[in-house]
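Trainee: I'm new to this one, and I'd like to learn how to read a couple of its features. Can we look together?
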Amino acid sequence: MQYHLAPLFCRPWTLNGITPRLIESHYEGNYGSALRRLNAITEELEALDPAMTSAEVVNRLKRDEAAALNSTLLHELYFASLGGDGRTVPETMAAALARDFGSTDRWRQEFIALANALAGGSGWVLLTYVPRDGRLINQSGADHGQNIAGGIPILALDMYEHAYHIDFGSNATAYIAAFMRNIDWSAVQGRYEDATTVAPPRPLEQKQFADVPAMTVEEVKAMLDSGDRIQVIDARPRHYTTRAQDIMEGAVWRDPERLDEWIGELSKTDPVVTYCVYGFHVGCETAIALRKAGFDARYMAGGHYAWKAIGGKVKLFE
Ligand SMILES: [Fe+2]
C-alpha cells in the first residue's frame, strides 16, 4: 500500500495573519514528512513476517504507523479547515452547533479553551461528528492518536509548536485567534453534511420480537424514579436463578415456566415490564404471553445486565 500526498487545500496567500511561509514549512516539513514516514513504516510492515517478529517490534511499528497515519489525516483536515473568514457560519452548521453546544459562541469558547490547554504542549483540537449519537463533540488529544472511535473529525486545529512558531513565536494565544479568524465554515459544513450520511452502528435486531413493545432500561428507571405504578417481573429462567446473586430493586422474580400460577396476581390496570438475563428470549416471550392474556406488558431490552450496567439498584436475590 502506497499512501498519496494531498495537494494543499487552502490558498496560503488569502489567509489573514498567517503567512504563506508558515503554511509552506508546515505542509512540506511536517505533513510531508509524516506521509513519507507512513510509507516507510508501511513498507517495513509489509516486508516482515508477523509470526517471526518479536511482539515488541510489531507493537512499535503498529504504534508508529497509527501516529503517522493520523498525522497525515489530521494535517490534511487542518489545511482544509483554513481559507474562510472565520465568522460566516452557514445555516446548517450554525444550527448543528446550536443543537449540540447551545450556540456558536458557546462552541467557540469551548474549542478555544481546549486549544489554550494545549499551549506550550502539543496535540490537536478537533470538532468531531459521532454517527452513533448523531451529534458533534469537541475533543483534544495530546498526540496524534486519541480520536473518538467511529468519530469523523470535520475541523482540526494543530497545536504543535511547528504549526505557529514561525509567525507567532511561543504566543499560542495569538495563533489560536488567527486560526479562528481563518476557519472556512462552508468547507466545514460540507464535511458535516457528508458525515451525517454515515449510518450509526447497527443496533441489535430481534426480528422475531419486532412487534413486541420494548422499553429501554433508562425508561424503566425513569418510571420507577417518578413513582409510576408499574409491575416489574424478573422472568429469568429457574435454572439461571440458582446462581443469581442479585435482583433489580422493585422487581419480583416469577418462574417463566409457570406463568399460569402467578398471572392471577397481576393487576390489569398497571403496566407490566418483564425481563430476563440479557433480554434475548425469555423476557420477550413472557411479555407476549401476558399481552395475549390482556395485560399491558412490554419487555425491558437488555434484561438484568442492562439494568446493572446503567447503575440501576439491585438487592440480594433470595
Ligand atoms: Fe502540524
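Trainee: At what angle do the axes of helix 3 and helix 7 cross?

Mentor: Keep in mind that this is a predicted model. As a general idea, a pair of packed helices is described by two things, the angle between the axes and the distance between them. Here, helix 3 (residues 91-101) and helix 7 (residues 185-195) have axes that cross at roughly 70° and come within 9 Å.

Trainee: Are helix 3 and helix 7 roughly parallel or roughly perpendicular to each other?

Mentor: Angles from 65 to 115 degrees count as roughly perpendicular, so helix 3 and helix 7 are roughly perpendicular to each other.

Trainee: Which residues meet where helix 3 contacts helix 7?

Mentor: From helix 3 you have Glu-91, Thr-92, Met-93, Ala-96, Leu-97 and Arg-99. They meet Trp-185, Val-188, Gln-189, Tyr-192 and Glu-193 of helix 7. Sorted by class, this contact has six nonpolar, three charged and two polar residues.

Trainee: Now for cavities: how many are there of 30 Å³ or more?

Mentor: A cavity is a space where a probe fits but cannot get out. The count here is one cavity of 30 Å³ or more, and the largest cavity has a volume of about 40 Å³.

Trainee: What lines the largest cavity?

Mentor: Leu-74, Trp-124, Leu-126, Gln-139, Ser-140, Gly-141, Asp-143, Gln-146 and Asn-147 do. Strand 1 (124-130) and strand 2 (135-141) each supply at least two lining residues, and strand 2 gives the largest share, with three. By class, the lining has five polar, three nonpolar and one charged residues.

Terms used. Residues numbered from 1 in each chain as written. Predicted model: local features only at pLDDT ≥ 70, side-chain atom pairs only at ≥ 80, totals over all residues. Heavy atoms only, no water. 1 Å grid on protein atoms, 1.4 Å probe; cavity = no way out; pocket = protein on both sides within 12 Å on 5 of 7 lines; lining within 4 Å. Points joined across faces, edges and corners; volume = space filled by probe spheres on them. Helix = DSSP H or I, 4+ residues; strand = E, 2+ residues; numbered from the N terminus. Nonpolar A, V, L, I, M, F, W, Y, C, P; charged D, E, K, R; others polar. Axes fitted to C-alpha atoms, helices over the stretch in contact; angles between N-to-C directions. Parallel < 35°, antiparallel > 145°, perpendicular 65-115°, else oblique. Contact = heavy atoms within 4.5 Å.
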